[in-house]
Amino acid sequence: MTVGDAPPVPAAFRRAVASLRLTEVRPEIELEDIPAPQRLAPYSAALGASVYRDDDELAVGRLIVLFDPDGQRGWDGQFRLVAYVRADMEPEITEDPLLGPVAWSWLTESLDAHAAGYAAAGGTVTRAVSEGFGNKSEDPVTTELELRASWSPLEEDLSGHVAAWCDLMCLAAGIPPLPPDVATLPPRRREDPESFRT
């Protein structure tokens with residue numbers, strides 16, 4: 001190796017990134033590789049997703065894979081997944097005091113349903129209300145749910161974690177989960193050559 005050569009990408013990270021592409025998703029979801037944050041870990045990759053009904057975008061999200069061969073404090077391993085989901089919601093739903101615990105259960109139950117083992121999970125659920133003023137006073141009031149979470153996967157195969165994140169986005173968008181005997185489709189995916197860092 002000469003000065004300036006990048007070290008080889010660890011095999012564990014390569015296998016984990018490859019497993020992101022093995023997930024079958026519902027037809028309402030469009031996945032794309034997006035640029036990953038550069039400073040959170042030595043190696044990272046990211047997916048973006050949108051949930052559509054007809055042509056209406058109901059929810060958006062990001063799933064970031066972080067890998068540090070030495071691990072980091074609070075990770076409980078070499079990998080960490082960071083998820084973000086945002087969805088429009090009816091005002092009466094966002095006023096429900098149980099929305100936070102229910103939205104968090106959407107994540108944990110989806111991980112369990114896909115046998116995606118995890119540890120050290122944590123996150124926040126936020127309700128946002130947007131009102132227009134001045135020349136935007138005629139804009140309708142909008143309400144949104146935002147969920148931010150991170151957890152440590154217990155295995156390199158991350159396909160179950162991607163599937164759980166997709167289920168979480170659909171639930172946030174008001175789309176019920178598919179019955180277990182209904183097949184999903186290969187993901188619609190737009191490739192981004194800059195989607196992960198080595």
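Visitor: Why is R148 called partly exposed?

Guide: R148 has a relative accessible area of 40%, and the term covers values between buried (under 20%) and exposed (over 50%), with a 1.4 Å probe and protein chains only. R148 therefore counts as partly exposed. This is a predicted model, in which local features need pLDDT of at least 70, side-chain atom pairs count only at pLDDT 80 or more, and totals for chains, interfaces and linings use all residues. Residues are numbered from 1 along each chain as its sequence is written, and side-chain values use heavy atoms, leaving out hydrogens and water.

Visitor: What makes R148 and E146 a salt bridge?

Guide: The closest N and O atoms of R148 and E146 are 3.3 Å apart. A salt bridge requires a side-chain nitrogen of Lys or Arg within 4 Å of a carboxyl oxygen of Asp or Glu, so the pair qualifies. E146 is buried, at 17%.

Visitor: How many salt bridges are there by this rule?

Guide: The count is six. Among them is E28 with R26, whose closest N and O atoms are 3.2 Å apart.

Visitor: Is E28 buried or partly exposed?

Guide: E28 has a relative accessible area of 21%, so it is partly exposed. R26, at 7%, is buried.

Visitor: Which residue forms a salt bridge with R21?

Guide: The partner is D33, with the closest N and O atoms 3.4 Å apart. R21 lies in the loop between α1 (11-20) and β1 (29-34) and D33 in strand β1, so the pair ties together parts 12 residues apart in sequence. Helices (H or I, at least four residues) and strands (E, at least two) are DSSP runs, numbered from the N terminus.

Visitor: Why does D33 count as buried?

Guide: Its relative accessibility is 4%, so D33 is buried. R21, at 32%, is partly exposed.
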